[in-house]
Amino acid sequence: MNDAANIVFIGPNGVGKSTLARNVAHQALICGHTVLFRTASEMLGELAALDSDAALRRRLHHYAAADVLAIDEVGYLSYSNRHADLLFELISRRYEKRSTIITTNRPFADWSEVFPNAACVVSLVDRLMHRSEVISIEGDSYRFKEAAERSKAQREKRTSRSSGAKRCPRHETRSSTVRPQSWNSLPHQSRMDTRTGARCLRAPQRSRR
């Protein structure tokens, strides 16, 4: 911070450029520095939408005065000459005075595609690279990796449930009916009906105590 050095994170999508920029900005904030973090589209769109020169000067001073200015996602969109001029003006105001952090998915050689037909691209890159630490990050996207791992875990979970259902046979429920003992199976006593001659069955009576 004392040397007003810049940091430029270059790498493909999803390798953690924005996270690294936020961590550096957070550490600067802890150390007592003023910090601004904006995406390139938000900041340049805001500056380009200002109508009066006075409002534009005030807003440029707001971004130029911060000890650390982090500009995220440079290169994801193409910008007009007006946007290129505004970024060049801002970087020129901060040059050798304040530290700037840039995250981009494009090498500096491709910035002419980010700012097509802009005459200030060479001077803009020259000021950014001077006294800057350029960190190139290579690797696959963390977002893609996490999505692939999540999909794999879901497939394994579904497969485990399916195989578990096949291993467990269906339980057959058998209803058991308790049939009362028939009258014939109970101990009984018989006597002869003297009028009809039929034999009558009578259950034995419990003895009274």
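Mentor: In what follows, Ala, Val, Leu, Ile, Met, Phe, Trp, Tyr, Cys and Pro count as nonpolar, Asp, Glu, Lys and Arg as charged, and the others, Gly among them, as polar. The structure is a predicted model.

Trainee: Which elements give two or more residues to the lining of the largest cavity?

Mentor: A search of the whole structure for cavities of 30 Å³ or more finds one, and the largest cavity holds about 50 Å³ of space. Its lining includes Ile-91 and Arg-94, and also Arg-127 and Leu-128. The elements that give two or more residues to this lining are H4 and helix H6 (121–129).

Trainee: Which element supplies the largest share of the lining of the largest pocket?

Mentor: By class, three of the lining residues are nonpolar, six are polar and six are charged. At least two lining residues come from each of helix H1 (17–30), strand S3 (68–74) and helix H7 (142–167). The largest share, four residues, comes from H1.

Trainee: Are H2 and H3 roughly parallel or roughly antiparallel to each other?

Mentor: The axes of helix H2 (residues 40–49) and helix H3 come within 9 Å and cross at roughly 155°, and the crossing is left-handed. Met-43, Glu-46 and Leu-47 of H2 make the contact with Leu-56, Arg-59, Leu-60 and Tyr-63 of H3, a set that divides into five nonpolar, no polar and two charged residues. Since an angle over 145 degrees counts as roughly antiparallel, the two helices are therefore roughly antiparallel.

Trainee: What is the relative orientation of H3 and H4?

Mentor: Helix H3 (residues 53–65) packs against helix H4 (residues 81–94) at an angle of about 50°, with axes 9 Å apart, in a right-handed crossing. Among the residues that meet are Leu-56, Leu-60 and Tyr-63 in H3 and Leu-86, Glu-89 and Leu-90 in H4, and the contact as a whole divides into seven nonpolar, one polar and five charged residues. Angles under 35 degrees count as roughly parallel, those over 145 as roughly antiparallel and those from 65 to 115 as roughly perpendicular, with the rest oblique. H3 and H4 are therefore oblique.

Trainee: How are H2 and H4 oriented to each other?

Mentor: The axes of H2 and H4 come within 10 Å and cross at roughly 105°. In this contact Met-43, Leu-44, Gly-45, Leu-47 and Ala-48 of H2 meet Arg-82, His-83, Leu-86, Leu-87 and Leu-90 of H4, and by class the contact has seven nonpolar, two polar and one charged residues. Because angles of 65 to 115 degrees count as roughly perpendicular, H2 and H4 are therefore roughly perpendicular.

Note on methods
Residues numbered from 1 in each chain as written. Predicted model: local features only at pLDDT ≥ 70, side-chain atom pairs only at ≥ 80, totals over all residues. Heavy atoms only, no water. Axes fitted to C-alpha atoms, helices over the stretch in contact; angles between N-to-C directions. Left-handed = near helix turned anticlockwise from the far one by under 90°. Contact = heavy atoms within 4.5 Å. 1 Å grid on protein atoms, 1.4 Å probe; cavity = no way out; pocket = protein on both sides within 12 Å on 5 of 7 lines; lining within 4 Å. Points joined across faces, edges and corners; volume = space filled by probe spheres on them.
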